[in-house]
Amino acid sequence: MNADQLSAGTMPTSPKPETAPTLRIRAVMLGERINASNLELGTLVSSTPAAFRVHSGLAVIFRYGVVVLIGLLPSEEKVLLDSLKPRVTGELSPLEEETAQAQLCKDENAEAIQPGGPICLSKFSDERLLLIADALAKSTSLARDERRVAAVFDVIEPFARELAEKGRTSRRRKGILQLIGNALLVQQRVAGRVAVAEKPDALWEKPQLDRLYARLEDEYELKERLDTLERKITVIAETADALTDIIDTQRSLRLEIAVVVLIVIEVAIGCFQIFAGLH
């Protein structure tokens, strides 16, 4: 510091603390299913799920329609997503997506997830990033299914209100069966394809990372959301079954009345013919 600086009263500035390296993680649900067989995007990192090293980041492909992009530039993400579209079944519009930030921390014991903040990792190893990709992909898929179930509830509510107010429903059986079909589709997706309750394969090779995955499950409330979703699906199925039984009963009653009317008409015709023959 020279004399001019001293006379001006200028204080030396302390160096700014270095910002910890971060990775942007983006999960995008493209459709109901992605065919990852014979897919070549770069160096293969994992086969289940299919994960590739692309540029300086990772792309993780889940068969239930979700792609997780780690450490890629927006332009690189767009090119990769466009290349996957021909392999997508049941393409969604708009797309479902979630984002997260991974940040380096000092050591493994410091690994934590701040509420609404970054996921702190001791290192950006492939296994750790695959665990984050798994949790974020499941969360994204659950968000889509939660919206679908909520939409079914919106349709069921008028049915139930009409039944409560009038003691009957004028809805057609086809509409009820469509509700059951929607509930079954969500149930099949959650239980069969997504398998939210199952742990990722990376944990079988690195069981020491189990605590990290447990924190991820808690952060995204995977188990709680799955339980809530399954309860709602059960309610939808039970409500739809009850409404279907009511409609079937109404149909049976109308059929019985029609049979009785036909019998009465036949008897009346027979009586008329007998009376006409006597005269």
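I began at a strand pair: Val54 has Gly57 of β4 as its bridge partner. This is a predicted model, so I keep that in mind throughout. β3 (residues 50-54) and β4 run antiparallel and are joined by 5 bridges. I looked at the turn of this hairpin next: 2 residues lie between the strands, and His55 there has a positive phi of about 55 degrees.

Then I went to the other side of β4. Strand β5 (residues 66-70) is also antiparallel to β4, again through 5 bridges. I noted two facing pairs: Ile61 is opposite Val67, and Leu58 is opposite Ile70. The β4-β5 hairpin has 3 residues between its strands, and Gly65 takes a positive phi near 100 degrees.

How much of β4 is buried? I checked residues 57-62 and found 6 of the 6 buried, so the strand is largely enclosed by the rest of the structure. In a regular strand, side chains alternate between the two sheet faces. Sorting β4 that way, I get Gly57, Ala59 and Ile61 on one side and Leu58, Val60 and Phe62 on the other, with both faces covered.

Zooming out, I traced an open sheet of 8 strands with mixed pairing, in the order β2-β3-β4-β5-β1-β6-β8-β7. The edges are β2 (43-46) and β7 (112-113); each has a single partner strand, so one side of each lacks a neighbour in the sheet. Helix α3 packs on this sheet, touching β1, β2, β3, β4, β5, β6 and β8. I logged about 135 degrees between the directions of α3 and β6.

I gave α3 its own check. Its 41 residues should span 60 Å at 1.5 Å a residue, and the end C-alpha atoms are 60 Å apart, which agrees. There is still a bend of about 25 degrees at Ile156, with Pro158 following within four residues.

Last, the core. Which residues touch the most other members of the largest nonpolar core? I get Val68, Ile70 and Leu216, out of 43 residues. Helix α3 (residues 126-166) gives the largest share of this core, 12 residues. I listed contacts of Val68, leaving aside neighbours within four places in sequence: among them are Ile25, Leu58, Val60, Phe62, Ala133 and Ala137. Another core, of 16 residues, lies apart from this one and includes Val28, Leu69, Leu80 and Leu84.

Notes: Residues numbered from 1 in each chain as written. Predicted model: local features only at pLDDT ≥ 70, side-chain atom pairs only at ≥ 80, totals over all residues. Heavy atoms only, no water. Core = buried A, V, L, I, M, F, W, Y, C linked by side-chain atoms within 4.5 Å. Buried < 20%, exposed > 50% of the residue type's maximum accessible area, 1.4 Å probe, protein only. Contact = heavy atoms within 4.5 Å. Expected span 1.5 Å × (residues − 1). Bend = angle between axes of the 7 residues up to and from the residue. Pairing = 2+ DSSP bridges. Axes fitted to C-alpha atoms, helices over the stretch in contact; angles between N-to-C directions.
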